[in-house]
Amino acid sequence: MEFKDYYKVMGVARDATEAQIKQAYRKLARKYHPDVSKEKDAEARFKEVGEAYEVLKSAEKRAAYDQLGQNHRAGEEFRPPPNWDSGFEFSGAGPGNSVYSDFFDSLFGAQARSGRSRGDFHAGRGEDHHAKVLLDLEASLDGGPRTFTLRMPEIDEEGRLISKERTLNVQVPKGILAGQQIRLAGQGARAPGSGKPGDLYIEVEFQPHPLYRVDGRDLSLELPVAPWEAALGASVKTPTPTGMVDLKVPPGSHAGSKLRLKGRGIPASPPGDFYVVLQIALPAADDDRAKAAYTAFAAALAFNPRASLGA
Amino acid sequence: MSPSDDQAITGTIFDQSTILSIKDLSRMCQVDERHIVEFVEEGVLNVVEVSSEWHFTGDALRRARLAVRLERDLELNLAGVALALDLIEELQRLRRELEARRS
């Protein structure tokens, strides 16, 4: 097990005051909070910061940690000496029921974690679990079984909190939207004794789709059309979630024109809409015939695209 | 080996049509009912009143859990949580729009 330098994690000096530690925590927590942060490793950093704060904010834990830390550096191989914590009393609860590092557990034991005491909140019933999963959009469009691998905290026979990998085969309900939750009854934590197990809530996010962009229950597609198709109107083949359709492009369309196919978005209730956003694709002028066509075009129209700029 | 329909677990969607009582929400978020009432009073959660009893829709679960996390992890007060939730939603909307304009 590696020694963790909690002061380094929090970016504070070893003699930092309580107020400085609190200030550092708040700043880092805002920066790395998984619900707010855009940082790549936000979740891991947030856990690390939460763990460091859990120790440093408590006078007893900090004193115990300091006594131990004098001879260790971060990353160093570490074993707590026997009875190292005699004379210290630990109490209190920390942020969340996150899984702390082995280092933390070896020092303060799983009982120091707030997650444990929370289990008493509704006696006789196992805790609910929550997880986020990334789904392909097709799972919502068609519904159907998908397999997820989740990491779940679990209490082992010796009462320690461990992280266990678990594979679940879930029937994804047709029309599920990003941010919605699926409740799987009885798939949460086992209850102590003969109580009912908790439920598992899965929050859905979609993987980016190669064709469609998702906005709530609506989908949109960027559809390239030729300049003459946009100007004169045309019927063009367009992919939609329910298959190819012939889409009528009205005459006088331009780049960015939005066409709506009602009810052809995600089949939720009510179903979303499908939007087609037109893009004008220009043919390349790479041979003499194409060049001649462009020249004739220019001569015939005397078009100034910059008229509105006064140029 | 592809997963087949018959061995898959079926779940229920929590959406606008799911109705939750204050008791449900309190249990699911592991906070007491009084705290849910405070969320409603501060405008963190919207409530549907049915014959003088409070109900919530399924999407309140996500919002309530987010509120509890922010409160706990960032040591925010209720007004701060309400503001953060509104800003997070605004941010998500703007990010979606930006993404739409970029592509």
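**Exercise 1.** In this predicted model, find the bridge partner of Gln181(A) in E2(B), then work out how strand E4 of chain A and E2(B) run.

*Solution.* Start at Gln181(A): its bridge partner in E2(B) is Phe14(B).

**Exercise 2.** Now widen the view: describe the side of chain B that touches chain A.

*Solution.* Begin with the count: 28 residues of chain B are in contact with 33 residues of chain A. Then ask which elements of chain B each supply at least two residues of that side. They are strands E1 (9-10) and E2 (12-14), together with helices H1 (22-29), H3 (60-73) and H4 (78-102). H3(B) gives the largest share, seven residues.

**Exercise 3.** Take H1(B) and list its buried residues. Why do they lie on the same side of the helix?

*Solution.* A residue is buried if 20 or more other C-beta atoms lie within 10 Å of its own. In H1(B), the buried residues are Leu25(B), Ser26(B), Met28(B) and Cys29(B). These residues are on the same side of H1(B) because they cover an arc of only 170° around the axis. Here is a handy rule: an α-helix has 3.6 residues a turn, so residues three or four places apart point the same way.

What covers the buried residues of H1(B)? The cover includes strand E3 (19-21), helix H2 (33-41), strand E5 (53-57) and H3, from chain B. To finish, step just past H1(B): there Gln30(B) takes a positive phi of about 55°.

Key:
Residues are numbered from 1 along each chain as its sequence is written. Chains are lettered from A and ligands numbered from 1 in the order in which they are written. This is a predicted model: local features need pLDDT of at least 70, side-chain atom pairs count only at pLDDT 80 or more; totals for chains, interfaces and linings use all residues. Two residues are in contact if their C-beta atoms, placed from the backbone, lie within 7 Å. Helices (H or I, at least four residues) and strands (E, at least two) are DSSP runs, numbered from the N terminus. Two strands pair if DSSP finds at least two bridges between them. A residue is buried if 20 or more other C-beta atoms lie within 10 Å of its own, exposed if 12 or fewer, and partly exposed in between; C-beta atoms are placed from the backbone. The arc is that of the directions from the helix axis to the C-beta atoms.
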